[in-house]
Amino acid sequence: MTFATCCIPKKLPLLLLQNTVILPLSLNRISVNSSDNINVVKSRVLNKNTLSSIIIGVVSKNDGTSFESKDAGSIIGTAAIVVQVTGTNWPQPAYTLLVRGLCRFRLEKLIMMEPYKVGFVTQLDYLDKEEGIIKSPAPEIEELIQEFHRLTDERYGLQHNSPSDEKIFKTCIASFPITSLIDMIISMTSAPFEAKYEILNTLDCVERLQKAVIILQDDMKGLNRTNNIEKDPKASDLFDSLNIPNRIQILWGRAKPRVHNNGDKGSDNDFDILREKIIKAKMPEYALKVAMKELKRLMNIGSFNPETAVIRNYLELMVELPWAVSSNETIDIRKARKDLNGDHHAMDKLKQRVLEYLAVRQIKNNIRAPILCFIGPPGVGKTSIGRSIANTLGRQFYRISLGGVNSQSHIRGHRRTYVGAMPGRIIEGLKTVGVNNPVILLDEIDKMDTSHGNPAAALLEVLDPEVNNNFVDHYLNVPFDLSQVIFIATANRINGIPAPLLDRMEVIHVNGYTEEEKVQIAEKYLMPKQLADHGLDDSIIKVPTDSIRLIITSYTDEAGVRSLERKIGALCRAVAVRVAENQVSQNDTFQIENTKEDNAAPPSFPIVIDEAAVEDILGPSTYDSTEMLSHIGIPGIAVGLAWTATGGKLTIVEASKLIHGEGNLVLTGHLGDVMKESAKIALNWVRTVACRNNIIDNKGEDLLADTDIHIHFPAGAIEKDGPSAGVTIATALVSLFWGIPVASDIAMTGEITLRGVVLPVGGVKEKVLAAHRAGYRRVILPKRSSKDLFYIPENVKNDMIFIFVNNMEEVLEAAFTVKPTPSTIVSKL
């Protein structure tokens, strides 16, 4: 079959292309991504053993919409023969067809719509018949033909082709009639879609020739301008004065592919799409130059070069990044305050900081975004408050988990020289949200792994407001402005964050909740959420405040509310089962016996979960808030307060004497070096003041003569360290030697020196809240830590008595209700 005598089938499978025109005799690559087009390839192309006779119909539309049966009769398409097919089925099917246009056709009607469209077509142009129309042209037509040939030769000469290429081109020109030459030459130009589409739909040969001359004249203007700039260095000033779309047009003219020996000039459609995306991306000038340089490389190396996929992926990333796309902020202080209070309970300091930023942003629009770090125990809402801040500001939200990250490549990306290189998490996040001013949450920043790398060092540039406006990702390799991004980091421990990184962030401590705060959170937030998650509502289940308080005190022991939410979810699931089985008692209270009756009556709503039902559903209480009180009345035991990453905890210090010993100190309980030193300091202080405090009778007597001291911290599986147990250890030792128990309602914390001076400690709020949860109403604190009471809720301060001390003498005065006399001293033997 030759082009001059080809006859296409009456029925053709149809490909619908967007913003792409296939003209007769042109050679084009078509990207096949839509489901209908993929079905055509699978059914009509991939199932054949050879491509020599596969003809398909190509229909172009500029809006990407499909066409229906009613459109038939007005659609002009191009019949094309498939020359080559490449593609992949992973991660999703995508194919590329190399097709050669044959002739025009009119779509008469659609005879099949699913799984792809098949149309009944009528062939419109035959080369031998068209040539006869202008075989003896009129003078004005002859002038048009000569002008067309002149423009074609001149245009090809401007492309600086080799003599061999020029010879091949002239041979091709001489072998085709003018009517077919029009389609072939116009397909090689950079004419827009509309111009090529008009050529396709122009059936009159003379009219088509007139339009082709106009298109070539416009195309020549662009080529001449490009060549003038290349030849005249002074013309660079003109280039610099042009706007970005005009610069891209000139650069595009330089990068147009030349006709190769095999006649394949590359996938113009894909390159046009990339060019349009580059224009719409509104990149900075330095990024624009890099993008156009890579686009030129992509066009010159050919589709079978291994670097093609690498360059294409890089360009796709560049055009998808939000260089100039920002979210429209909602700056309404009253609304923001209402939203933050509606989403989260307490956290007043954190909410105030967000409102301060909004207030300043309202006054000064170009203020740099803050870089915040929320430090607190798990489950207090650090991550969720970040999402609420994004919603309040009207910005996009993106979360990056840094737990276990052990390489800077996770932050900065890999260089493109590596196989499988990818951009870093920051750039990937910006690409995902599609704006350049999102709220990015760096979750668990204290849990990065530094055993194989130093990802914290890569974050130094990201979290530095002075330099992050030129952040360079290794994969992107051009600066990207991060100054408008609000970075929020979360951590459980401040000690896990490197000092240089911590210095770049504004630290806000998010403390644990009190019992009353947990009750309010459960009633206002957790219960409605769990009811919605389980398909229930208030008309089906009710949990009284006393039941919630029982769950908090007996089934959870945490600073946050995660376990509390799980326990409430367990209640909802139990009720859901009873309702589904229709085996709930008609009584208003959910009783234990009813769960065992097979013939129970239908339920009476709402089902009230009382304390007995809580115990039946959740089992025996896990935590006993009065556990510490069981140690009351035993000399040698004191209750201390400790800070952990999960909040404040109570710790017991047990001391005992072992007679017939050698004066040794035995420490058990998985203690760290600092705590061991605190125990030694406490014991030596007790030995120093033994006589003055009526611990021994004679001044020269040794307290440890023939006696060993054993100090134990229960829960030996948990590592313990820190200096704040010094006061507690000293008090337990004095109680041991006096034989008098410590007061039953008191807990304490503080570091001790060899002189008995009590030094301030950290984590006061968490420690006080832990004592309050356990039922202790008196707390001994270092006097220099009194300023930390400012952050403790008023209801807790009203329930407790704080005793501030400067030295151990004041501690003993408060910790013991009974003082020893020489006659009541218990012998150390």
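A crossing of two helices is left-handed if the near helix is turned anticlockwise from the far one by less than a right angle, and right-handed if clockwise. The model is predicted: local features need pLDDT of at least 70, side-chain atom pairs count only at pLDDT 80 or more, and totals for chains, interfaces and linings use all residues. Residues are numbered from 1 along each chain as its sequence is written, and side-chain values use heavy atoms, with hydrogens and water left out.

**View 1. Helices α3 and α5 cross in a left-handed way.** Helices (H or I, at least four residues) and strands (E, at least two) are DSSP runs, numbered from the N terminus. Helix α3 spans residues 139-157 and helix α5 spans residues 178-188. Their axes come within 12 Å and cross at roughly 35 degrees. Axes are lines fitted to C-alpha atoms, for helices over the stretch in contact; angles run from 0 to 180 degrees between N-to-C directions. From α3, the residues in contact are Ile145, Phe148, His149, Thr152 and Arg155. They meet Ile178, Leu181, Ile182, Ile185 and Met188 of α5. Contact means heavy atoms within 4.5 Å. By class, the α3 and α5 contact holds seven nonpolar, two polar and one charged residue. Ala, Val, Leu, Ile, Met, Phe, Trp, Tyr, Cys and Pro count as nonpolar; Asp, Glu, Lys and Arg count as charged; the others, Gly among them, count as polar.

**View 2. Helices α13 and α15 pack at about 155 degrees.** Their axes lie 10 Å apart. Helix α13 covers residues 333-343, and helix α15 covers residues 382-393. The two helices are therefore roughly antiparallel to each other. Angles under 35 degrees count as roughly parallel, over 145 as roughly antiparallel, 65 to 115 as roughly perpendicular and the rest as oblique. The crossing of α13 and α15 is right-handed. Ala336, Asp339, Leu340 and Asp343 of α13 touch Ile385, Ser388 and Thr392 of α15. This α13 and α15 contact divides into three nonpolar, two polar and two charged residues. Ala346 sits in the loop between α13 and α14 (348-363). Its phi is near 65 degrees, a positive value in a residue other than glycine.

**View 3. Five strands form an open parallel sheet.** The strand order is β8-β9-β12-β7-β13. At the edges are β8 (397-401) and β13 (506-509), each pairing on one side only. Neighbouring strands of this sheet are turned by 20 degrees against each other on average, direction ignored. Two strands pair if DSSP finds at least two bridges between them. Strand β7 (residues 371-375) and strand β12 (residues 486-491) pair in the parallel sense over five bridges. Ile371 has Phe487 in β12 as its bridge partner. Helix α17 (residues 425-433) lies across β8, β9 (439-443) and β12. It runs at about 155 degrees to β8.

**View 4. Helices α21 and α23 pack at an angle of about 40 degrees.** Helix α21 spans residues 545-554, helix α23 spans residues 611-618, and their axes are 9 Å apart. The pair is therefore oblique. Helix α21 passes α23 in a right-handed crossing. Asp546, Ser547, Leu550 and Ile551 of α21 make the contact with Glu611, Val614 and Leu618 of α23. The contact of α21 with α23 has four nonpolar, one polar and two charged residues.

**View 5. Strands β16 and β17 are joined by a hairpin.** The hairpin connects them through two residues. Strand β16 (residues 637-644) and strand β17 (residues 647-659) pair in the antiparallel sense over eight bridges. Trp643 has Gly648 in β17 as its bridge partner. Strand β17 also pairs with β19, antiparallel, over six bridges. There, Leu658 is partnered by Asp708 of β19. Strand β18 (residues 665-668) runs parallel to β19, with four bridges joining the two. Thr668 stands opposite His712 in β19.

**View 6. The annotated "active site" covers Ser724 and Lys767.** This label comes from the UniProt annotation of an unreviewed entry. UniProt positions are given in the numbering used here, feature names are shortened, and annotations may be inferred rather than shown by experiment. The two residues are spread over 44 residues of sequence but cluster in space, with a largest C-alpha distance of 10.8 Å. Ser724 lies in the loop between β19 (707-712) and α25 (726-738).

**View 7. A cis peptide bond joins Glu114 and Pro115.** Pro115 is placed in the loop between β5 (94-112) and β6 (118-123).
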